Amino acid sequence: MSHMAVDKDAAFTLPRGATGFFQPKDGPLPETDLRTFRAALHAAARAAEGRVGETEEQTYPRTFHTATVIEGTGECIILCHAHHPWIAFAQERRDWYTEEFLAPPPWAHTFADLGFVVLDRAQLTLPLSDIDTSVLTRAEWRQIRSYGITTLGGVLFNAWD
């Protein structure tokens, strides 16, 4: 089966804009509402009995916003996709991720309560062969191959140029 085919049994289906790339003729990509993300972030910090740390809005070429919740002596990095309401967790700030994801903390449900989809480590480390990638363009596949990306998380949380 070619990787361009639609797989009805795929564990995840990539929508347009998942990679952050778009064709101007197709119109702009959707945008995740930053106010809702901030509200969810503060709710998460309350649930964690912690506080919101640094928040960094997405800038080109990164495909995600970054924030932290500080609880006790620890800090949890929260990634929020800029175009789709996806949340992931990581141990350190980076410009792109491949497999460096953490399991969602107990308070991750606060994001789901506000309409976000919390992705867990198992989903984020899925090989691309297990994902419906039929929406990806040739240009997106070129980027994926040139950066050696093999996982869902690598496609979603990137800083390709």
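Predicted model: local features only at pLDDT ≥ 70, side-chain atom pairs only at ≥ 80, totals over all residues.
Local features need pLDDT of at least 70, side-chain atom pairs count only at pLDDT 80 or more, and totals for chains, interfaces and linings use all residues. Residues are numbered from 1 along each chain as its sequence is written, and side-chain values use heavy atoms, with hydrogens and water left out.

Strand 5 covers residues 86-90; strands (E, at least two residues) are DSSP runs, numbered from the N terminus. Of its 5 residues, 5 are buried, so the strand is largely enclosed by the rest of the structure. Buried means under 20% relative accessible area (1.4 Å probe, protein chains only). In a regular strand the side chains alternate between the two faces of the sheet. Here Trp86, Ala88 and Ala90 point one way, while Ile87 and Phe89 point the other way.

Strands pair if DSSP finds at least two bridges between them. Strand 4 (residues 74-81) runs antiparallel to strand 5 and is joined to it by 4 bridges; the two form a hairpin with 4 residues between them. Strand 7 (residues 117-118) runs parallel to strand 5, with 2 bridges, and Val118 is the bridge partner of Ile87 there. Strand 6 (residues 101-102) is antiparallel to strand 5, also with 2 bridges, and its Leu102 stands opposite Phe89.

Ile87 also has Cys80 as a bridge partner. Cys80 is buried, because its relative accessibility is 0%; Cys76 is buried at 9%. A disulfide is a pair of cysteine sulfur atoms within 2.5 Å, and the count is 0. The sulfur of Cys76 has its closest cysteine sulfur in Cys80, 14 Å away, and therefore too far for a bond.

Methods
Buried < 20%, exposed > 50% of the residue type's maximum accessible area, 1.4 Å probe, protein only.
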